[in-house]
Amino acid sequence: MTSNRPLKIGIVGTGFAAQRRAESLQADDRAQLLYVSGNSAESIANFSQKYQISALDSAVTLASHPDLDLIVIANVNQAHASITRTALKSGKHVIVEYPLAFHPAAAAELITLAETENKLLHVEHIELLGGLHQTQQQYLASLGNIHLARYTTIVPGRPAPRRWTFHRDLFGFPLIAALSRIHRFTNLFGEVESVSCHCRYWNAPESDYFLACLCEAQLLFKNGLIAEVTYGKGEVFWQNERTFTIHGEGGSLIFEGEKGQLINSEGSQALEAETRRGLFAKDTAMVLDYLFDRVPLYVTPQASLYALEVAYAAYQSSLSGKTVFLGAN
């Protein structure tokens, strides 16, 4: 797909994901990281100095820079769609952290634009590469007909930071912002028939910031399976929780963090999934493999779009208090 070597790359963002990308790119001789842009002059300057690259004061300038082949977008969720659009229209390949956009129609438009421009649009979903998901896939068939799945992630934060991750507009609806929670389910179990959701915020004194949020959604899949997803973070929580359970007629998978159990008629078998460390590096290498050698990627933007459609249905349900049926939005 590309003969340019090394690929010239710029990053929009300076946080955790951007740092892991920078480290991965600088360790690969197929890539040359040249520029960074972000949300604050201080963070841009620090990032620039740490990775010895040039700083640009505008994401638009970076996304349209004539020297660049690939743009990595890892900044505030609200800006993902607009920067992706600029990059694609400027003839760049794009890696973007989920969500691609807040609204499915905007995401679908960007996917079409990438196809028209014949450029890669890769929406990162490293949760599929992680040990938890890989172990679940390994044992899923042994559970027989699956009827119930639950996924809970609770992250305390005290005090809640006044950062974009606790800002309603910049972060977005929690199950859209944390799209991997929905995407795990759609990847494992297929198409969703209906969604019902409740969401609550604890507001901060400052406008548009929140101290905590809690979202709980129930997904009814077309195969009859019921899945429940709970996502919460902030000051009202006192204990971390990351649990994932799957119940089938032939057994159950129960995970707390990376430690799990397979329970069936033969008893209980201890399982331990690999940690999440190194997943950004793996994702980055896979993108370069695709661009240089056409090695297929592990996820498509269409799969991310479908998860976004389900998450957006949850958002609609949280506003209306009614069940939302997919395909009737």
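**Close-up 1. Cysteines and disulfides in the predicted model.** Counting as a disulfide any pair of cysteine sulfur atoms within 2.5 Å, the predicted model contains 0 disulfides. Cys213 is in no disulfide, and the nearest cysteine sulfur, which belongs to Cys215, is 6.0 Å away. With a relative accessible area of 0%, Cys213 is buried, whereas Cys199, at 26%, is partly exposed; buried means under 20% relative accessible area, exposed over 50%, and partly exposed in between, with a 1.4 Å probe and protein chains only. This is a predicted model, in which local features need pLDDT of at least 70 and side-chain atom pairs count only at pLDDT 80 or more, while totals for chains, interfaces and linings use all residues. Residues are numbered from 1 along each chain as its sequence is written, and side-chain values use heavy atoms, with hydrogens and water left out.

**Close-up 2. The two assigned domains.** The domain assignment, whose bounds come from an automatic or database source, gives domain 1 (7-124) and domain 2 (128-275 + 309-325). Their C-alpha centres lie 27 Å apart, and the contact (heavy atoms within 4.5 Å) takes 10 residues from domain 1 and 13 residues from domain 2.

**Close-up 3. The surface buried between the domains.** Domain 1 and domain 2 bury about 960 Å² between them, 65% of it on carbon and sulfur atoms, where buried area is the accessible area (1.4 Å probe) that two parts lose on being put together, summed over both. In domain 1, Asn77, Tyr98 and Phe102 lose the most area to domain 2, together 48% of what that side buries.
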